[in-house]
Amino acid sequence: MASKKTNENKVTPEDANSRRDFIKKSGLFTALALAPPSLVMASENKWDEKIAEYLETVPLSIEVNGAKHNLNIEPRTTLLDLLREQLQLTGTKKGCDHGQCGACTVHVDGIRILSCLSLASMQQNAKVVTIEGLSSGKKLHPMQEAFIKNDGFQCGYCTPGQIMSGIACIKEGHANSREEISEYMSGNICRCGAYHNIVDAIIEVKEGGKLI
């Protein structure tokens, strides 16, 4: 009889979950019933979200392609996401998002960086140049023209990063031979395999002294 009574009083996992769920819901209904009308109205107008967003952001002053921006951003926002999602500069591509493909290459204060690995908040007062900032109106940058002339792309997804790195490669003084260019462009992956033509484009700009 004692054994039977013990089994009858045994609490199953389903019973425990049901009780916890009941307690959670009861607590929620009680909190809503006791909440001041002003708090409920603030929640309905999403002021609570706006206040939380304000407290969770940091100010950023940054210049992108010659235009100055004063923003409030989340501390975890990458430069890549800032450019693409907040400034709508989608020419800079998100490839691997781990700094391994080079598709997100931009220039910051004249130096090429991988924007997916850089926090936007670290670029306070920086001058950023993206692929959109190379051309002057309808006039393309010499490197853009050289890529077109030499068929330095196929699908074109990696091309913005390739062009930004190609310009930097020359400015850094690493375009003195095909081998050197290949080495210093190795961080930019082209899955279509247009490497030979990419090097041709960089050599043409380097030898033509066209780089701006």
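**Entry 1: an arginine to start from.** I began with Arg 112, which is found in strand β4. Strands here are DSSP E runs of at least two residues, and helices are H or I runs of at least four, both numbered from the N terminus. The side chain of Arg 112 makes a polar contact of 3.0 Å with the side chain of Glu 172. By polar contact I mean a pair of N or O atoms within 3.5 Å; within protein, one must be able to donate a hydrogen and the other to accept it, and residues adjacent in sequence count only if both atoms are side-chain atoms. A polar atom of the Arg 112 side chain also lies 3.0 Å from the backbone oxygen of Tyr 184. Leaving aside neighbours within four places in sequence, I listed the contacts of Arg 112, among them Val 106, Ser 165, Cys 169, Met 185 and Asn 188. Contact means heavy atoms within 4.5 Å.

**Entry 2: ground rules.** I noted that this is a predicted model: local features need pLDDT of at least 70, side-chain atom pairs count only at pLDDT 80 or more, and totals for chains, interfaces and linings use all residues. Residues are numbered from 1 along each chain as its sequence is written, and side-chain values use heavy atoms, with hydrogens and water left out.

**Entry 3: the whole chain.** I found nine helices and five strands in the protein. From the N terminus on, they run α-α-α-α-β-β-α-β-β-β-α-α-α-α. Of the 212 residues, 34% are buried; buried means under 20% relative accessible area, exposed over 50% and partly exposed in between, with a 1.4 Å probe and protein chains only. Among contacts with a separation of 6 or more, 53% are between residues 24 or more positions apart.

**Entry 4: the sheet.** What is the order of the strands in the open sheet? I read it as β2-β1-β5-β3-β4, with mixed pairing. Two strands pair if DSSP finds at least two bridges between them. β2 (67–73) and β4 (111–114) each have a single partner strand and stand at the edges, so one side of each is left without a neighbour in the sheet. The twist averages 40° from one strand to the next.

I then checked two of the pairings. Strand β1 (residues 58–64) runs antiparallel to β2, with seven bridges between them, and Glu 63 stands opposite Lys 68 in β2. The two strands make a hairpin with two residues between them, and Asn 65 in the turn has a positive phi of about 55°. β3 (residues 105–108) and β4 are also antiparallel, joined by four bridges; Val 106 has Ile 113 in β4 as its bridge partner.

Helix α7 (residues 159–171) lies across β3, β4 and β5 (127–129), at about 45° to β3. For that angle, axes are lines fitted to C-alpha atoms, for helices over the stretch in contact, and angles run from 0 to 180 degrees between N-to-C directions.

**Entry 5: helix α6 and its partners.** Which residues of α6 (residues 142–149) are buried? I found Pro 142, Met 143, Gln 144, Ala 146 and Phe 147. The buried residues of α6 pack against α7 and α9 (195–208). Just after α6, Asp 151 takes a positive phi of about 50°. On the α9 side I looked up Glu 204, which lies in that helix and whose side chain makes a polar contact of 3.1 Å with that of Asn 150. Beyond four places in sequence, Glu 204 is in contact with Ala 146, Lys 149, Asn 150 and Lys 210.

**Entry 6: the cysteines.** Cys 155 counts as exposed, at 57% relative accessibility, while Cys 192 counts as partly exposed at 31%. Cys 192 sits in the loop between α8 (178–184) and α9, and beyond four places in sequence it is in contact with Gln 154 and Cys 155. I also checked Cys 190, which is buried with a relative accessible area of 5%. Its sulfur is 4.0 Å from the closest cysteine sulfur, in Cys 158, too far for a bond.

Definitions and conventions:
A disulfide is a pair of cysteine sulfur atoms within 2.5 Å.
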